[in-house]
Amino acid sequence: MTKHEKPASFSRRALLKAGGALVVTIGARAAIDPAHATDGATAATTKPPLTPDQLSSYIAVNADGTVCAYFGKMDMGQGLSVAIRQMVAEELDVPFDRTRIYIGDTDTSVNQGGASGSTGIQDGGKQMRMAAAEARRILVEMAADKLGLPADQLTVTNGVVHATSDATKNVSYAELIGGKFFNVHLDWNGKYGNPLYAPGKAKPKNPKDYAIVGQPLPRDDIAPKVFAQADFAMDIKVPGMVHGRMIRPAIASAVPVKVDESSIADIPNAKVVWDKGFLGVVADKEWDAIKAAKQLKVEWSNASPPFPDQATLYDHIRQAPTRKREVGKQTGNVDETFKTAARVIEAEYEWPFQSHARMGPGCALVEIKDGHVTCWTGTQKAHFVQTGLASILQVPQDNVHVIWTTGPGSYGRSDADDCVADAAVLAKTVGKPVRLQYMRDQGTGWDPKAPASIHRVRAALDASGNVVAYDFLSKGFSRIDVDTNGSQPKDTLAGQTMGVALKSGDGFGFPGDSYGFANKRTAWETIAPLLDRASPLRSAHMRDPVGPQIHFASESFIDEVAAALNMDPVAFRLRYARDPRDIAVIKAAAEKAGWQTRPSPRKDQSGDTVAGRGIAYAQRGPTRVAVIAEVEVDRSTGRIWARKFFVAHDCGLIINPNGLHHAIENNVVQATSRTLWEEVKFNNKTVTSVDWRTYPILEMPEAPEQVDIVMIDHPEIAPSGAGEAASRPVPAAITNAVFDATGVRIRRAPLSPANVKSSLS
Amino acid sequence: MTKQFTLNVNGSDHTVEADPDTPLLYVLRDDLGLNNPHFGCGLGQCGACTVHLDGKPTHSCQRPISAVGDKKVVTLAGLGTPEHPHPLQTAYVQEQVPQCAYCINGWIMSAAAFLRDKEKPTDAQIRTALRHVKCRCGTHMAILRAVKRAAAMMG
């Protein structure tokens, strides 16, 4: 095992030594060397521009034949970098351990969207696969030229191109292009981010020929972390760096009117940075910065943010004017069918604001030197942060280098991008590199929140008990009140506190299912944020954005209809699910759980502790997941133990079953935490969930006893996202199991002991 | 006012200048360059900063350097090395435990002290012993597998 080279030791425009062989001149814009041209393929001694239409932007071959993959997404700890290496190694026919991957660095990769929407493999991997296939095609053509044999009589084994009939006629990748660059144009679709796609002429392998893809290869980033040899974003230091801390108002929307810098005069080299609502401090030593932030005397403006009583939050959502409405799937005539229904079943569900509450609050290091900006951050989207830094610092984007470094967990648009912008303002003002880390209360209290919402669902039944119409409406705060990335100052606390013009976006989502109700409508409505500027309740993407809340409602409701018809919950779903892959995951989960057909609830239990089982399923894009939960409910305390889970998961072709298994298991546990515990509390001044006591999450004694996972592999179907999908059905699976155990339907999350106890009484 | 302190960390003595109220966490990270204990909450609620003081798991964010004295400090880096790993480190790699890995100081340092004092623990004992350590990524199932694997290696 080798110690990871500290990113801090890379200097801008320095040489990146990959595998000790290839020297990549980062950002070089020199002309190609025509001497290396071969027919159809070109090798260059200097790197072509880092643009999406260049093969060299994704793949390079070192002088020793090792392959470098440059990836514009990030691995947030789910093993994506291993999966991408497998896909690249597979297409190029090189051994896995002869590949390296460089991820999330704006100097070495193009904007493939960062970590976003579980598209690491689905979109990012698709591009890397096509790039690797094209690299192989080019190399085989070069070999054909060199060996004087037709390309179709050549085979590649372990990075060596040889005659299919005579392995002694061979030339290696290293000999063909090692240490030089592909200068090959790709057919780029002109898009950046997740939709970026730039194939070459090559046809990728048939999945039936895969030898590396599909293997459960382990992650190689775990050992360095376990042996304390890997740097996180918060561990990076540069010479001359000072430490920053931010100061937030005790009452949201208050701004400083008087700041007494003399109140921190006793702290060595402590300085105040104050610009309108932006207030921070820096000091040479970290503890001094923390003390200065606490000690600084600040007079704040009078403020009374328009936060309702928490108890009336859902009434507020019901009554608030709809800012945007969008209707999704609509079949038949829903309203007319309800008028003639024999029976109507209706229910309404409520989901609270939730916090990313990452293990460590946001941290970023920004260095500004000679007009060039370097930033180390655990952001999910380095390339968008590059744009944001250029904007907030008023420098050309090409002068900004963002280096993604692993951070403290990442589940969406967290406080990470706010922290970059704050650090940039501090660094620019004090003229020194600033490492800014938020404090716990800022990480939990001031991060962008998963939106709170209500969901109204109704079903029309005919006289025979068939569902003839279905109507689903979500109403809540927007998932993009602030955007999914920090590319614009308006979406960061720095921009908002310094007064930039705001533009709150509108977005929510629809249930993902294939229930074939003849008349069906799904819709959403968004409402304005409670406080439009610098709010601790601004809402944004959090893991499976709006998926847990929507499917808490939709899959609880399906269960309610099944119960009303005295039908088994699995049988009821199978009666209406239309998609064969949906049906398959429902059946697979039921089989794994040993599901006994009967309606819910059970009526055979007495005593304080009762047990139950529940199912929920969902589509998430092309991915399907069914989850069965077995729970125990202590009726005297209201505590729930989600004891066993049985999960069936279909995300098409499985690239790495080891990574997939962990991704599913961790989704299930985190979603259990969100279902049972998580609710952001606030009062009429600000958010009061500020630490692990006021924002409790699942703890070890309540971890499940068992999570059994069926991973359905479909080599013929393109791989789709698995980073979030298994979170989606968990809330309803647990809630349906609680109903099975107790006969009581809980329609408000979280199912905390207090909520459950009061629901049962 | 800063004062001079001598700390024994991972078997070596180090002399540092620091304010007496500086939490050990910042001395380890910023003065000694031992980045493994992480700032998670600064409140003693999560465990991300856990080190051993004379073998006892301690929140380094809560312990002023002036209250460390001559107690021996061991961080995750001092628990084991790739060449001589602690069984928990071996088990963590074998079980592929972490997602983000930011929390691992809390789990490994707490579990190391627990397994040292408790042979062949039951599932319930492990869960109770680790009840105050936080993992936000939800890797609890893998943590339990790894602690049991390490317990088997040690027992």
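Reader: How are α13(A) and α14(A) oriented to each other, roughly parallel or roughly antiparallel?

Author: In this predicted model, α13(A) and α14(A) are roughly antiparallel to each other, where angles under 35 degrees count as roughly parallel, over 145 as roughly antiparallel, 65 to 115 as roughly perpendicular and the rest as oblique. Helix α13 (residues 569-576) of chain A packs on helix α14 (residues 580-593) of chain A at an angle of about 165°, and their axes are 10 Å apart. Axes here are lines fitted to C-alpha atoms, for helices over the stretch in contact, with angles running from 0 to 180 degrees between N-to-C directions.

Reader: And which residues make the contact?

Author: From α13(A) the contact has A:Val570, A:Arg573 and A:Leu574, and from α14(A) it has A:Ile583, A:Ile586 and A:Ala590, contact meaning that C-beta atoms, placed from the backbone, lie within 7 Å. By class, that contact of α13(A) with α14(A) holds five nonpolar residues, no polar ones and one charged one.

Reader: How do α12(A) and α13(A) lie to each other, then?

Author: The axes of helix α12 (residues 547-564) of chain A and α13(A) come within 9 Å and cross at roughly 105°, and α12(A) and α13(A) are therefore roughly perpendicular to each other. On the α12(A) side the contact is made by A:Ile558, A:Asp559 and A:Ala562, and on the α13(A) side by A:Pro569, A:Phe572 and A:Arg573.

Reader: Before I go on, what are the numbering and confidence rules?

Author: Residues are numbered from 1 along each chain as its sequence is written, while chains are lettered from A and ligands numbered from 1 in the order in which they are written. As this is a predicted model, local features need pLDDT of at least 70 and side-chain atom pairs count only at pLDDT 80 or more, whereas totals for chains, interfaces and linings use all residues.

Reader: Switching to the largest nonpolar core, which residues touch the most other members?

Author: That core has 267 residues, and A:Ala589, A:Val627 and A:Val647 touch the most other members. Helix α2 (residues 120-147) of chain A gives the most to this core, with 13 residues. Leaving aside neighbours within four places in sequence, A:Val627 is in contact with residues including A:Ala589, A:Phe645, A:Val647 and A:Pro729.

Reader: Is A:Gly371 buried or exposed?

Author: A:Gly371 counts as exposed because it has 9 C-beta neighbours inside 10 Å; a residue is buried with 20 or more other C-beta atoms within 10 Å of its own, exposed with 12 or fewer, and partly exposed in between. A:Gly371 sits in the loop between β20 (363-369) and β21 (372-377) of chain A, and, apart from neighbours within four places in sequence, A:Gly371 is in contact with A:Val395 and A:Asn399.

Reader: How many residues does each chain bring to the contact of chain A with chain B?

Author: Chain A brings 48 residues and chain B brings 46. On the side of chain A that touches chain B, the largest share, seven residues, comes from α15(A), and that side divides into 23 nonpolar, 13 polar and twelve charged residues.

Reader: Last one, how many residues of helix α3 of chain B are buried?

Author: Seven of the nine residues in helix α3 (residues 87-95) of chain B are buried, among them B:Leu88, B:Tyr92 and B:Val93. The buried residues of α3(B) pack against α4 of chain A, together with α2 (76-79), α4 (104-117) and α6 (140-154) of chain B.

Technical notes:
Helix = DSSP H or I, 4+ residues; strand = E, 2+ residues; numbered from the N terminus. Contact = placed C-beta atoms within 7 Å. Nonpolar A, V, L, I, M, F, W, Y, C, P; charged D, E, K, R; others polar. Core = buried A, V, L, I, M, F, W, Y, C linked by C-beta atoms within 7 Å.
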